Amino acid sequence: MTEKALRLGTRRSKLAMAQSGQVADAVSQVTGRPVELVEITTYGDTSREHLAQIGGTGVFVAALREALLRGEVDFAVHSLKDLPTAPHEGLVVAAVPVREDPRDVVVARDARKLTDLPRGARIGTGAPRRMAQLNAYARTHGMEIETVPIRGNVDTRIGYVRSGELDAVVLAAAGLNRVGRIDEVTDFLSVDTVLPAPGQGALAIECTADNAELVAALAELDDPFTRAAVTAERSLLAALEAGCSAPVGALADLLADGQIVKEMRLRGVVGTTDGSTLVQLSTTGPVPETHEAALALGRELATEMLAQGAAGLMGERAQ
């Protein structure tokens, strides 16, 4: 008799389905059980409001988590950057697989790079974080750009460029990779130009904490370096008391000497969306061996950023 299929809860977007499908294949391999996708509509998918207005953090996650806790699905896959930083009672992130490319990319008309865009170019993005850094970059490089808030899936966003409504849009490389559209990118943005969102390019595989057998099976897909990096980034975000719609960028990367990984560098940025003020700092230390050490790395950098005035740049900060 074949074992009962595991039910994977996923959002319905093309991107969510693509990344959930990849995880489903991997989970099938480690468990030897079939995995079926269960599509769940979230508030973030149906609302037309801008993310900053609907609360940003958790709007894509809550419905999946409710389905998990009700036992309607066995595990769920989230884009880690959508996941609130506070742990959720009864649930555990059993695996953070190897991260995709964390960078942001430009899809522009006439195959242009960011630096080749015409004067007054209109650039679409839904993220205050991207707006802050793009506008800061433009200010320091004598460019004139206008950042335009947009929502929608990959097709919708790239459609604004194809129709001529916008000169360019900025998206995450990981998402375009997962839906097979990376060849439409006209410029990969260096992380020195735009730091990605905390956890960008990484996935979280979540299940109920009491399902020990499944927790253990899913843990085989965990990548310790990716987990340490995103834990530090999310700790920075939490210490700044910011949700995923706040203008915060963070990236932890590993510094290697040849084949040997020596240290982890964590960079953080927070800024006003017009780019007039940015607080950007970095710290380097030993690769965190424990969850607590990774959390500490993020907290320490956040403390330094707050001391340099980051709090005043966050817009409406949680009290």
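1. Strands β6 (residues 121–125) and β7 (residues 145–149) run parallel and are joined by five bridges; strands count as paired if DSSP finds at least two bridges between them. Gly124 has Val148 of β7 as its bridge partner. Helices (H or I, at least four residues) and strands (E, at least two) are DSSP runs, numbered from the N terminus.

2. This is a predicted model, in which local features need pLDDT of at least 70, side-chain atom pairs count only at pLDDT 80 or more, and totals for chains, interfaces and linings use all residues. Residues are numbered from 1 along each chain as its sequence is written, and side-chain values use heavy atoms, with hydrogens and water left out.

3. Together with helix α4 (residues 128–140), β6 and β7 form a right-handed β-α-β unit: with the strands pointing away from the viewer, the path from the first strand over the helix to the second runs clockwise.

4. Eleven of the 13 residues are buried, meaning under 20% relative accessible area (1.4 Å probe, protein chains only). Among them are Arg129, Arg130 and Tyr137. Just after α4, Gly142 has a positive phi of about 65 degrees.

5. A separate point concerns the open sheet with strand order β11-β12-β13 and antiparallel pairing. Its edge strands, β11 (248–257) and β13 (278–286), each pair on one side only. Ten bridges connect β11 with β12 (residues 260–271), and Gly249 is partnered with Val269 in β12.

Key. Buried means under 20% relative accessible area, exposed over 50%, partly exposed in between (1.4 Å probe, protein chains only).
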